[in-house]
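This report describes one protein model, beginning with a single residue and ending with the chain as a whole. Please keep the sequence and the structure in view while reading.

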Amino acid sequence: MSAQKCDVLVVDDEQDLVEIYLEYFRDAGLQAEGSRLPWEAVHMLSVVSPRVLIIDNQMPGLRGLDLLEAARKSGVSLPPTVVVTGFGDLDFARACEMGVGAVLQKPFRVENLIGVIRSTIGGRNHSQKRHYVRIPSSLKATINGVEVRLTDIGLGGCSIDVRGNAVSD
């Protein structure tokens, strides 16, 4: 059985939001599927083979990054991923490790998300097409006694400011 193809798989525990996303995406000419159940989405990744995955970070039972980890452990190939969040509690270092391509803070304009999707789908080499979202400077941590501040996250990696020195991906 071969996988169906779709442009976008959106996963959000709020059914109304899933339906709104799907309507906008389809109106924009994108083939889109959606789920409000994170575990169902893990299975759907192998069935619909999306070109881009949009996931909410805060979902009951399985958070967005945990969904990515579960999919990886089950052997599913992950497409470029955009995390949307209404909270400031996303583990950005882990998001980078998981290959998250962009993070959008709610509320945001769906048109901006569609632009990220189109650019991702149209890009042949994801390391050349990067989508960055500016991260508040308050997101910092001390690792082994060194203060680090995540400044950008985008397709292809992160930029981290270590004691004022920029380190590129």
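## A buried tyrosine

In this predicted model, Y21 has a relative accessible area of 5%. Residues under 20% count as buried, and Y21 is therefore buried. Y21 is part of helix α1.

Which residues does Y21 touch, apart from those up to four places away in sequence? They are V10, D12, V84, K106, F108 and L113. Y21 can also be compared in position with V110: the two are 89 residues apart in sequence, while their C-alpha atoms are 7.7 Å apart in space.

## Two helices in contact

Helix α1 covers residues 15-27, and helix α5 covers residues 110-122. The two helices pack at an angle of about 60°, and their axes are 11 Å apart. Angles of 65 to 115 degrees would count as roughly perpendicular, and those under 35 degrees as roughly parallel; α1 and α5 are therefore oblique to each other. The crossing in which α1 passes α5 is right-handed.

On the side of α1, the contact is made by Y21, Y24 and F25. On the side of α5, V110, E111, L113, I114 and I117 take part. Sorted by class, the contact of α1 with α5 contains 7 nonpolar residues, no polar residues and 1 charged residue.

## A cis peptide bond

What kind of peptide bond joins K106 and P107? The bond is cis, with omega at about -5°. P107 is located in the loop between β5, which spans 100-105, and α5.

V47 belongs to helix α2, which runs over residues 38-48. The relative accessibility of V47 is 23%, and this residue therefore counts as partly exposed. Along the chain, V47 and Q4 are 43 residues apart, yet a distance of 6.2 Å separates their C-alpha atoms.

S49 is found in the loop between α2 and β3, the latter spanning 50-56. Although S49 is not a glycine, its phi is positive, at about 45°. Because its relative accessibility is 22%, S49 counts as partly exposed.

## An aspartate in strand β1

D7 is situated in strand β1, which comprises residues 6-11. Is this residue buried or exposed? D7 has a relative accessible area of 10% and is therefore buried.

When neighbours within four places in sequence are left aside, D7 is in contact with G29, L30 and Q31, with P50, R51 and V52, and with I121.

## The protein as a whole

How many helices and strands does the protein have? There are 5 helices and 10 strands. The protein has 169 residues, of which 43% count as buried; Y21 and D7 are examples of buried residues.

Contacts can also be sorted by how far apart their residues lie along the chain. Among the contacts in the protein with a separation of 6 or more, 56% are accounted for by residues 24 or more positions apart. The accessible surface of the protein amounts to about 9,100 Å², and 49% of this surface belongs to carbon and sulfur atoms.

Technical notes. Residues are numbered from 1 along each chain as its sequence is written. This is a predicted model: local features need pLDDT of at least 70, side-chain atom pairs count only at pLDDT 80 or more; totals for chains, interfaces and linings use all residues. Side-chain values use heavy atoms; hydrogens and water are left out. Axes are lines fitted to C-alpha atoms, for helices over the stretch in contact, and angles run from 0 to 180 degrees between N-to-C directions. Helices (H or I, at least four residues) and strands (E, at least two) are DSSP runs, numbered from the N terminus. Angles under 35 degrees count as roughly parallel, over 145 as roughly antiparallel, 65 to 115 as roughly perpendicular and the rest as oblique. A crossing is left-handed if the near helix is turned anticlockwise from the far one by less than a right angle, and right-handed if clockwise. Contact means heavy atoms within 4.5 Å. Ala, Val, Leu, Ile, Met, Phe, Trp, Tyr, Cys and Pro count as nonpolar, Asp, Glu, Lys and Arg as charged, and the others, Gly among them, as polar. Buried means under 20% relative accessible area, exposed over 50%, partly exposed in between (1.4 Å probe, protein chains only). Accessible areas come from the Shrake-Rupley method with a 1.4 Å probe; for residues, only the protein chains shown count as cover.
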